[in-house]
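I opened this notebook to keep track of what I looked up. The entries follow the order in which I went through the model.

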Amino acid sequence: MIWESGYWKSDLIKDADILNKWSKKKPSNRQYVLFEKKIFIAAFAIRKLLEAEKIGSDFPMWTFGVSKFLKKTKDPIDYMNSHKIDRFYELDREVKDSLSIPSLCNKIIHSYIFSLKMNESEEAVSFLFTSDETKEECIYEMNLEKFTNLLKWIGYSDVIKSRQIRDPNEPSGFKIKREYCFDDCIPRKGLSPKIKLTFLSKYVESCLAQENQSARIPEKEL
């Protein structure tokens, strides 16, 4: 259980800056290990914040566009051959897909395969991952900038009001509605206090809309 979430969220912001900085550095074993650790720990922290109800109630409903590459052979993947990604997956046939935040984090936490992807300038632009449950089906690719934006959105958000009522129709037995604000990450000059409370949702919605990923949350589901 997380009681004070501020320390967890501030680390997500720091990790986002570190990942963006290191993405420009020359590839090395140290860089690979740092990325693997930071991304894994960030995914774990996000999942823990979700489970502790320290994030706005619509965060788990957001979906992020990812690419996936289907498995092209029936040969099983194990620890002795999991590094041969091009042997097992159709890396030249990209399939567009989307993952919710909880699903994305779980697949990273339980990743059986993890690998950085570089551009022609040898800068890290994305990472490939697949879990022990999905490795025989496909491998996913997540844009690094999109992932670090997620860390900052969560890191700068802050729940300011929470209302919880009993609801037998909910799996948990409760229905929770929260209001939250977004602090100092994006320009908000001139916005009224009421608009500031919803600005994060509107900002993320506009960002995701650019890649045809809807982030609209029906009011009745909150």
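I began with strand 3 (residues 111–118) and strand 4 (residues 124–131), which are joined by seven bridges and run antiparallel. Here helices (H or I, at least four residues) and strands (E, at least two) are DSSP runs, numbered from the N terminus, and two strands pair if DSSP finds at least two bridges between them. In this pairing, Lys 117 has Ser 126 of strand 4 opposite.

I noted the ground rules next. The model is predicted, with pLDDT of at least 70 needed for local features and 80 or more for side-chain atom pairs, while totals for chains, interfaces and linings use all residues. Residues are numbered from 1 along each chain as its sequence is written, and side-chain values use heavy atoms, leaving out hydrogens and water.

I followed strand 1 (residues 63–70). Six bridges pair strand 1 with strand 2 (residues 95–100), antiparallel, and Gly 65 faces Ser 98 there. Strand 1 also has four antiparallel bridges to strand 5 (residues 138–143), where Phe 69 is partnered by Ile 139. Why is strand 1 largely enclosed by the rest of the structure? Six of its eight residues are buried, meaning under 20% relative accessible area with a 1.4 Å probe, protein chains only.

I checked the helices against the sheet.

I turned to the nonpolar cores, sets of buried Ala, Val, Leu, Ile, Met, Phe, Trp, Tyr and Cys residues joined through side-chain atoms within 4.5 Å. The largest has 39 residues, and Ile 39 and Phe 147 are among those touching the most other members. Helix 2 gives the largest share, nine residues. A second, separate core of nine residues includes Tyr 89 and Tyr 112.

Last, I looked for disulfides (cysteine sulfur pairs within 2.5 Å) and the count was zero. Cys 105 is buried at 1%, and Cys 138 at 3%, both as relative accessible area.

Notes:
Buried < 20%, exposed > 50% of the residue type's maximum accessible area, 1.4 Å probe, protein only.
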